[in-house]
Each structure stands twice: as C-alpha cells, then as structure tokens.
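Hello,

Here is the structure for you to take over. My notes on its salt bridges follow below.

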Amino acid sequence: MTLFIVGHYKGASVKLRDVGRAEDGMEEKRSIARFNGVSSVSLGIQKQSGTNTVEVVDRVKKEVTKIRDTLPGGMNLNIAFDQSDFIKRSIDEVQHHLVYGGFFAIFAVLLFLRNIRTTIISAMAIPASVISTFAIMNAFGFTFNNMSMLALSLSIGILIDDAIIVIENIHRHIEEGMTPREASLFATSEIGLAVSATTLAIIVIFIPVAFMKGIIGRFFFQFGLTVVFAVIVSWFVSFTLTPMMASLFLKKHEKTADTSSDEKNRKSLFGRLRHQHYFTKISDMLEREYVRLERQYKKLLDIAMNHRKTVLILAISIFVMSLTFTKFIGKEFIPSEDQSRFVMRLQAPVDYSVDEVDRMFKRVEEIIRQVPEVKTILYSQGGGLTREVNRANMSVVLKPKSQRKKSQEQIKAEVRRTIRAIPGLRASVENVSMIGGGQRQVSILYSIRGSNLQDLENYTREVMNQFSKLPGIVDADTSLETGKPEVLVFIDRDKAANLGVDVTTVAEAINFLIGGEVEVTKYKDEKKGRRYDVRARLIPQNRVNPDDIGNVYVKAQDGRLVQLSNIASLQESGGSSIINRVDRQRAVTIFANLEVKPLGQAMNELNEISGKVLTAGYSGRYKGQADMMAESFGYLMFAMILGVIMAYMVLAAQFESFTHPFTVLLSMPFSFIGAFGALLIFGKTLNMFSFIGLILLMGLVKKNAILLVDYANVLRERGMSRRDAILQAGPVRLRPILMTTFAMIFGMLPIAIGIGEGAETRSPMALATIGGLLTSLLLTLIVVPVAYDLFDEIQGRIFKRKPIKR
C-alpha cells in the first residue's frame, strides 16, 4: 500500500511512503469487557416480545452446551446473567406455598370439624378445584408464572370455603333427624343462594382487576382471571362433589338418652373416632372451648342489640382512627426483591481516556470481588448504543438467598459505602428490572423542564444538592454532563472568502486529518480473505496539541494551500455531551435510589424542595417507578370502586332489598382496620401487591356478612321476629364463619411469613389480607347483626311498613 501513488510534484510521482506510512493495526479501543476478572467478549440475547422467558433461556442453554464442545483450547463460554434463575426459584417457592397452604387450611378445618371423614370430604375441594383451574388456564393460554401461581396460593383457603359451608349445613340437618341423602339435597338447596352470592361477590371484585389498563393491567391480568376461575370451580365442586360424598360417607345421627338437650347437637357433631384415645380427648377439649365461646358470643350479641347506636358509633370511630395508620405506612410501587443479583452503573470524568477509566473501575471491581456473597461479575465498559468510554456497567450475581446471611439490600448498602471513597467516581447500585421499558431501575426519576439551559442547570444543581443531603437518599445523580473537552474553531469568513476557502472544506479537512473518522476506502486482501477499513489521518506527533489544528493546510478554490491559522482562531472549551428534550423543552433528569425510605415519602420531600427552588416557566415531572405508582394506584382505586358497585348490584338482586346490601358492605371498611394495622406492625408498605391484598380482602369479608344476613332472612320467612332471627342466626353461623375465616388465614400463612425467593412482594399482600380478616371477623359478628336490625327498622319506618314484632 505504501507504493500507491498519491500525487505528482514537478513531474515526479509522490508515493504514500514519501509522505506517510501504512499500518495494519487495530481499530481504536473503545470498549473493554471482563468476566470474573478475565478479558472476554460479552453477548446479550434478548427474547422476542410475547415469548416465554424460561422456555427461551432453556433453549439457548442447550445451544450454548453444543457450542462449548466445539471451542478451541483455552477458550470458554460462560453464562454471566440468566433471568430465568430467579423466575424458576420464585415459582418453586410459590408452589411450595400452595402445597403448605393447602395442608394448613385442611388442618384449620380439622380443628373445628374434629372428624377425619368430614375433613376429607371438605378437603377434596382443594385438589379438585386446583386441577380444574389448571385445565381452564391451559384453555386460555395462561402459563405457570409468578402471578398465576400466587393467585392460586392466595385462593387456597377460598377453595375450601364453599365446601365447608355446605358440609356444615348438611350435618346440622342430619343431626335434626334427616338421612344423609335427604340432608345433602335439602341443605345444599337451602344454603345455595348464600354460597352463590359469596362466590359472585369475589368474582365481581376481581373481574375489574383483570381488565385494568396500563402496565398494572398486564401485570395482574392472569392473576385476576385465575382467581375468578378458581372460585367458580370451587363453587361448582361444593354443589356437586361435596354433597355427593356427604350423602355416601356421612352417617345418620343417633340420639342418646343421656345427652342433655343443650349439648346434644355438639356432643356428637360429625361423630368421633372413639378408638383414637388422644384424638378424642383433644376433640372434647376443643368442643368444650367452642361451646363456651358460643355462649359468650350469645351474651355479647344480646348486649350489642340493646345498645345498637353505641355499637355503630364505636365501630365507625375505630374505623376513622385506623385511617390515621396510613400516615405512618410507607408507599411505593413495588417492594425491592432479593433476586440475588444487582447492577452497578459506573461513570468517570468525561475527559478520561479508555485506559484511565479502566484503571479507576478496576478498583471497584476488586472491591466487589472481595465481597464473600458475590458469585460472578461481568464488567462492560464503553458498550451500548452510545459507546461512551467513560461509562461502564457491572452485573453482579450473588449466591442464592438461602446460602447467605446478608440480604441483597444490605450488600448493596455496604458496596455503596465502600466505593464512595474513590475520588471522581459516580456510581449507582440498582436492582435488575423484571419489567423492562428501557429506563434505569432507580426509585426516583425526576425530570425538570424549562427553556433556558443555563437556568435549568442551576435549578437542577440546587434541587439535587438539597435532595441528596436528606437521609435515605443514595446514588443521587443527574443526566447533566458538562466539561467535555472540545476545541472551538472560529473561522474568519471574510479572510476565508478573500482566499477562496470554503467553510465546508475546513470542516472536512479537520475531521479527516485530526479525527481520522472518514473512511477513505475499503481494501480487500484476496489471499487472506479479509477486508480492511482504510482511514487516513496525521501522524501522532502532528496531532498532539490543540494548536496542531492551526498547522493544517486546506485547499482554496484556485488550488493554493492555505494554512488554517491564517483564517481561523482556536479556543479550548468544555461543553455538554448531551442535551435532552421533553415535550420540545430542554430537560435534565435527577436520578436517586432509596435506602430504608419509602418512595412516597421521598416524593413528598422532593416536591417540597422543587416547589421552593423552581420559578415560573420551570416544572418537574416524575418518570419511572414514581409515575407508574401514581398511575397504578389510580387504576386500582377505580377497580376497587367498580367492584363495590358490582357487589352491591349482586347483593341487591339476591336479597331483593336496597338496605341489606349496605349491611353486608359494612364489613368491608372494617376489614381495613386490620389490614392497615398489619402493614404498620410488620413494617410493610402500601404498594401494588398490598393494594391487591386489600381488593382480595373486600371480596372475602363479605362472605361472613352474607351468611349472617341470608340466614336471618330465612328464619324471618319461617315466622321469627327480626330480633329472634338475628340472635339465632349469629350463633348458628358462628362455626362456619370461624372455619372459613381461619381456613383462609391458615392457607395464606406460608406467604405471609415471607420466606424464599420473591417473598418481599408476596408477603405484604398476605399480611394485609390476614390482618383484615381478623378484624373483620371480630367486628362483623357484632356490627353486622346490629346494623341489620337498625337499618331494617329504619327502612320500615320510611316506607311505613307494618312493624315486625321484636
């Protein structure tokens, strides 16, 4: 190539070797990658939209295994980041919770039924419902993912509820003298309307959840419909399998002469296994305690009926006081999950070279490698679309959660404190996003917009300086990047015009000779089968200092060579490397992570600071998690309100009354007392998952009230007065109410305990539901009968109905 003729001078040929040299070199180094400290080449594989992550990863791993066998010696192929690992471990935990919850729910039923036979009949509803739900999920194209399996785990206690109510009613009629077959037919038809209403009450709550808009709608689509499928199947099982098995396996009640009239209905309830001595003793003890509880409940209910207004005022006061709990409960979009991995974003000063940046970031890499919980590190500098050499990403994979004592958040906090001592380093330690969207996975993304760039920079610095000093705010940074070294070339257009030099010619010459970014041509070596990009630029010693630009010659229109210093002046400066715009306004984004501080609290603090700093014409807007939290909470509130309206319509149709649905719906706000209290006591936040727990709770707590109100109406139709019907309906329905409530609580206990992968998101949902069920149980048994009596009396007065004897 050095023999190429590049021109002629005084009749002689000028070859390339006369004015320069040709080098067979490498392209200028712009990126570096290492895996566990060993130089490497990193390759990212992105699945197509709509495909299953685990399935794609498994297929890729099979191909990697085949490729690994073909590699030459000294070369290895490793997987540095696998998104399916956490998904598989999390789903395994949810499946364990599903099984454990089923056993716990069955155990809760056994405590009340005290008979293996009746417990098995009720428990058969769980496997029958779960397997049938799997079939429906498959028909709708659903997959076994975290959300669908979580829906089944939370519903495990609900699946046995309808069967409990039916079997309890069947046996009560058997004790009254019916044969098992007669009791199965009569009791199922008697309780059918109430069971159907409770089932519809849950369905109408979750249908709006399944069809919410936005990202939360995509998130909870399969969750909501899976709950609906499971509840419908359990309703069908309770009306078919449960009465059928009861008619076959339950025995006709035999009366004994020495059994007192007060306890004969309890003494032989569901039969005893007399040959099991220890079981009998425990069974008798539980029955005695239950009879004592029922007597106390009768007394308490009678007192409450004599002080109706006092009871309602006291209940409403407790509910209003519980709303103050929300001031002390943190709010966030999604709790931080321990995925056993996190990402570090590193940034060095913009004027550092590739090697200088690498030396700085190696210090960070060595610090991370010394952390005993770290498993692998993938370091990538200068990658991505922008290929900025002063930036790097570090993907850190930790040992599984079960193999380490420290949580992921604790390790991240320790890393932040350690690397803070490195001068000039800007770093952010972030979780790995499971949702995607192309944005950084930081808690705070706050965009400040305005017209004047200089004022915008000043306001942004002031807001960030104040915000970053607050406790709990870490990794505070901005998208503002100034100080990038640049040389400004000011061309004297008059001189250039007099000498016949075009401005475009000047720009092309500088770009060609100094930058070397213009490809002259492509050279193909036929022998070696290689292609080379041919670039031309000045030799290194002629392009060291900015003043060397002035020594460049450009060609005038008449062919003369004009030195650039004769027509231009040079000035060293520092400028912005990037300028962002939002809605055609210049914008700068503030980034920040949080440590032991809820997102809602951080947003309130940032709003207060920006309100004081920003003037007219400048505004801030949240993006990322904060924006999605506001949007998602809005959709959840709408789904909750719509569910309440639909529930009222269902109850109004069932009771053929406009008043009784209000009585039933009273149990919903009282459940929030326990839900908010549980979140506050256990230090959980009000987030997307705990919000879904509240919606689930709204569907569940109506079951108890429906059972009470429906049976009171049945007794009144048989000729009882309103008061007598209430006083009898409460104790009769006490046992099934306790059984169904504790079956749901026990079924959710494995999730609420919060052990295993992904427990950080599931636990608040279960805790809110369990807390609400407990308080709703206590208040519903007293408040609902009182409200039923009072509202029915008021309705009679308004419509001037003939009063019923009390």
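**Salt bridges**

A network of salt bridges links R308, R716, R722, D789, D792 and E793. (A salt bridge is a side-chain nitrogen of Lys or Arg within 4 Å of a carboxyl oxygen of Asp or Glu.) The structure holds 32 salt bridges.

Some ground rules. This is a predicted model, where local features need pLDDT of at least 70, side-chain atom pairs count only at pLDDT 80 or more, and totals for chains, interfaces and linings use all residues. Residues are numbered from 1 along each chain as its sequence is written, and side-chain values use heavy atoms, leaving out hydrogens and water.

R34 and E365 form a salt bridge, with the closest N and O atoms 2.8 Å apart. R34 sits in strand β3 (residues 32-35) and E365 in helix α12 (residues 354-369), 331 residues apart. (Helices, H or I of at least four residues, and strands, E of at least two, are DSSP runs numbered from the N terminus.) R34 is buried, at 6% relative accessible area. E365 is buried too, at 3%. (Buried means under 20% relative accessible area, exposed over 50%, partly exposed in between, with a 1.4 Å probe and protein chains only.)

D338 and R404 also meet in a salt bridge, 2.6 Å from N to O. The pair links distant parts of the chain, 66 residues apart. D338 is buried at 4% relative accessibility. R404 is buried at 9%.

K61 pairs with D85 in a salt bridge (4.0 Å, N to O). K61 lies in helix α2 (residues 53-70) and D85 in helix α3 (residues 83-113), so the pair ties together parts 24 residues apart in sequence. K61 is partly exposed, at 25% relative accessible area. D85 is partly exposed at 33%.

Best wishes
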